[in-house]
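This report describes selected features of one protein model. Please keep the sequence and the structure in view while reading.

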Amino acid sequence: MAPPRKTVDLIVPCYNEGPSLARFFEETCAQINKMPQYAFRFIFVDDGSADDTLAIISDYAREYENVNYISFSRNFGKEAGIYAGLKNASADYAAVIDADLQHPPRMLADMLYALDEEGYDSCSARRVSREGEPRIKSFFARAFYRLINRMSDVDIADGAVDYRMMTKQMVGAILELSEVQRFSKGIFAWVGFKTKWIEFHNVERIAGETKFSFWKLFKYALEGITAFTTVPLRFASFAGVAFSFISMILILYELIKYMFIGTDAPGYPSTFIMLLLIGGIMLLSCGILGEYLARMYMETKRRPIYIEKRTSFHRGGAEGDVESGVESGAEGSAEGAGE
């Protein structure tokens with residue numbers, strides 16, 4: 001009797017990915033058909049799309065037994081989409097993959113080999129080139145990775161993307177971290193486990209435009225820094241010690257100057273500059289404190305990470321609508337259709 005096939009859940013966060021879905025589904029199916037020793041299931045997560053994304057994935061769910069979907073009540077962001085997919089995953093392995101084909105499906109075979117044959121708990125893709133990206137965006141991306149790795153205790157690989165396959169054990173560990181303001185790259189690194197990195201070159205989107213503007217990327221970077229390091233909070237202390245030391249030096253200088261040379265005209269420009277500098281440092285310190293207080297404020301509200309509006313998963317009610325009207329991403333457990 002042949003041993004049962006291992007199962008793999010492919011989590012696909014989608015936000016206005018209608019133009020890409022047909023080609024993504026076709027190419028991914030072509031790759032997984034080459035691996036009959038595994039049973040694959042798609043979990044599409046519609047992040048409040050305004051185009052025909054939901055209609056397409058719901059058609060797939062009706063047509064194919066190995067396709068399920070979750071649709072949010074509004075746009076909660078990709079981090080919520082990843083969390084929702086992992087929460088509903090029940091397979092031996094779970095993989096996060098984008099629908100725009102910037103994450104090549106052909107790498108799934110290498111990821112499975114790393115987990116199945118080489119004993120890794122996780123296999124993740126790492127982008128080694130940023131061809132096609134604006135230079136300013138690439139510059140700030142590399143600067144972010146250097147900065148957060150110097151300040152944080154976790155090591156986030158430069159060029160790391162969300163394309164990753166994990167064991168069920170690692171998925172369970174990630175779900176234990178249920179903070180609302182999520183930074184998945186940091187969470188993946190924080191939970192540990194043995195990870196293999198596969199390098200690949202940047203791939204252009206097959207359709208549509210990126211959903212991450214420069215401002216959204218900046219906010220995302222800020223989320224990562226404030227979520228995994230408290231070094232910025234120490235900035236105010238360091239600045240206070242530095243300016244106290246400088247002030248003592250200036251006091252001694254003025255005292256010695258007065259005793260041996262006498263006084264001269266007041267230095268209005270230097271006083272004005274020092275006041276502006278100290279005031280700027282104080283405002284910056286208050287801003288840093290505000291960022292951390294804002295995170296604490298949002299977390300203490302205990303709001304759900306996402307709210308489901310529709311789903312093909314059966315939760316005791318009819319397919320298409322969640323039994324209670326909403327399914328919280330912060331409580332309860334989802335049943336996997338492939339169990």
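## The largest cavity

In this predicted model, the largest cavity is lined by E79, I82, Y83, L86, I174, R182, S184, I187 and F188. About 40 Å³ of space lies inside this cavity, and the structure holds one cavity of 30 Å³ or more.

Two helices, α3 (78-88) and α7 (184-190), each supply at least two residues of the lining. The largest share, four residues, comes from α3. By residue type, the lining of the largest cavity divides into six nonpolar, one polar and two charged residues.

## Salt bridges

The structure holds eight salt bridges. One of them is formed by R62 and D59, whose closest N and O atoms are 2.4 Å apart. Both residues belong to helix α2 (residues 53-63), where they are three residues apart, about one turn of the helix. R62 has a relative accessibility of 59% and therefore counts as exposed, since the cut-off for that class is over 50%. D59, at 38% relative accessibility, counts as partly exposed.

A further salt bridge joins E118 to K196, with the closest N and O atoms 2.9 Å apart. This pair links distant parts of the chain: E118 lies in the loop between α4 (108-116) and β5 (122-127), K196 lies in strand β7 (residues 195-200), and they are 78 residues apart. E118 counts as partly exposed because its relative accessibility is 31%, and K196 counts as partly exposed at 24%.

Which residue forms a salt bridge with E199? The partner of E199 is R126, and the closest N and O atoms of the two are 3.0 Å apart. E199 has a relative accessibility of 53%, so E199 counts as exposed. R126, with a relative accessible area of 24%, is partly exposed.

Elsewhere, K78, D98 and D162 are linked in a network of salt bridges.

## A nonpolar surface patch

L289, L293 and M296 make a nonpolar surface patch of about 310 Å². L293 is located in helix α10 (residues 268-300). Why does L293 count as exposed? The reason is its relative accessibility of 53%, given that exposed means over 50% relative accessible area.

Most residues other than glycine have a negative phi. Against that background, two residues may be noted.

N16 has a phi near 55°, a positive value in a residue other than glycine. The position of N16 is in the loop between β1 (6-14) and α1 (18-32). With a relative accessible area of 24%, N16 is partly exposed.

F193 is not a glycine either, yet its phi is positive, at about 75°. F193 is found in the loop between α7 and β7. Its relative accessible area is 29%, so F193 is partly exposed.

Methods: Residues are numbered from 1 along each chain as its sequence is written. This is a predicted model: local features need pLDDT of at least 70, side-chain atom pairs count only at pLDDT 80 or more; totals for chains, interfaces and linings use all residues. Side-chain values use heavy atoms; hydrogens and water are left out. Patches are made of residues with over 30% relative accessible area and no salt bridge: like charges are joined within 9 Å, nonpolar side chains (Val, Leu, Ile, Met, Phe, Trp, Tyr) within 5 Å. Accessible areas come from the Shrake-Rupley method with a 1.4 Å probe; for residues, only the protein chains shown count as cover. A salt bridge is a side-chain nitrogen of Lys or Arg within 4 Å of a carboxyl oxygen of Asp or Glu. Buried means under 20% relative accessible area, exposed over 50%, partly exposed in between (1.4 Å probe, protein chains only). On a 1 Å grid over the protein atoms alone, a cavity is a set of points where a 1.4 Å probe fits but cannot get out, and a pocket is an open set with protein on both sides within 12 Å along at least five of seven lines; lining residues have an atom within 4 Å of a point. Grid points are joined across faces, edges and corners, and a volume is the space filled by probe spheres set on the points. Ala, Val, Leu, Ile, Met, Phe, Trp, Tyr, Cys and Pro count as nonpolar, Asp, Glu, Lys and Arg as charged, and the others, Gly among them, as polar.
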